[in-house]
Amino acid sequence: MRKILSISLLALALLLSACTQETQNKIGRSIQNWTGTDGVLDVYMGEKLVQRYIKIDKLSTAVSTNGTESRNYRYGYGYLDTNQNYKVDAGEKKLYFEVSNFSTPYIFYDNPGQ
């Protein structure tokens, strides 16, 4: 049993080392999605915080229809934190959002209150 486990781990390590960096990143994001995160996305207009999304499990990069090129925006699902207190309050709904890589100043981070 121990020998089978060792061989399996070695095979997995060899398989991962043969993957490109992008493939390894996708695998890492998949594992992160299984474990869950508590991400926060702050969107700014100038120096002013105008929107905050909380409880985001991932921020994804859009991929073109043919699947070979990244698009110039990121997207995800999160609760719009209207009073910006890092908590889901009554009336705050989970929404789909997109942010541009070029024109939207934003910061994505783990919830500091958790």
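**Strand partners.** I began at tyrosine 53 and found that its bridge partner in β4 is leucine 80. The model is a predicted one, where local features need pLDDT of at least 70 and side-chain atom pairs count only at pLDDT 80 or more, while totals for chains, interfaces and linings use all residues. I number residues from 1 along each chain as its sequence is written, and side-chain values use heavy atoms, with hydrogens and water left out.

β2 and β4 pair in the antiparallel sense over two bridges; two strands pair if DSSP finds at least two bridges between them. I then looked at the β1 side and saw β1 and β2 run antiparallel, joined by six bridges. There, tyrosine 53 in β2 is the bridge partner of leucine 41. The hairpin of β1 and β2 has two residues between the strands, and glycine 46 takes a positive phi near 70° in this hairpin.

**Layout.** I listed two helices and six strands, in the order α-α-β-β-β-β-β-β from the N terminus on. Both kinds of element are DSSP runs numbered from the N terminus: helices are H or I with at least four residues, strands are E with at least two.

**Core.** Which residues make up the largest nonpolar core? I noted eight: Leu41, Val43, Tyr53, Ile56, Leu59, Leu80, Phe97 and Val99. β1 (39-45), β2 (48-56) and β5 (94-100) each supply at least two residues of this core. For the record, a nonpolar core is a set of buried Ala, Val, Leu, Ile, Met, Phe, Trp, Tyr and Cys residues joined through side-chain atoms within 4.5 Å. Buried means under 20% relative accessible area, exposed over 50%, and partly exposed in between (1.4 Å probe, protein chains only). In soluble globular proteins, nonpolar side chains tend to be buried together. Of the 114 residues here, 21% count as buried.

**Salt bridge.** I searched for a side-chain nitrogen of Lys or Arg within 4 Å of a carboxyl oxygen of Asp or Glu, and the count by this rule comes to one. The side chains of arginine 52 and aspartate 42 meet there at 2.6 Å, N to O. Arginine 52 lies in strand β2 and aspartate 42 in strand β1, so the pair ties together parts that are 10 residues apart in sequence. Are these two buried or exposed? Arginine 52 counts as buried at 7% relative accessibility, and aspartate 42 is buried too, at 2%.

**Two serines.** Serine 60 lies in strand β3 (residues 60-63) and is buried, with a relative accessible area of 13%. I looked up its contacts (heavy atoms within 4.5 Å): leaving out residues up to four places away in sequence, serine 60 touches Tyr73, Arg74 and Tyr75. Serine 64 is in the loop between β3 and β4 (70-80). Serine 64 counts as buried at 16% relative accessibility, and touches Glu69 and Arg71, again not counting residues up to four places away.

**Confidence.** How far does the predictor back all this? The mean pLDDT, the predictor's confidence in each residue from 0 to 100, is 78 for the protein, and 68% of its residues reach 70 or more.
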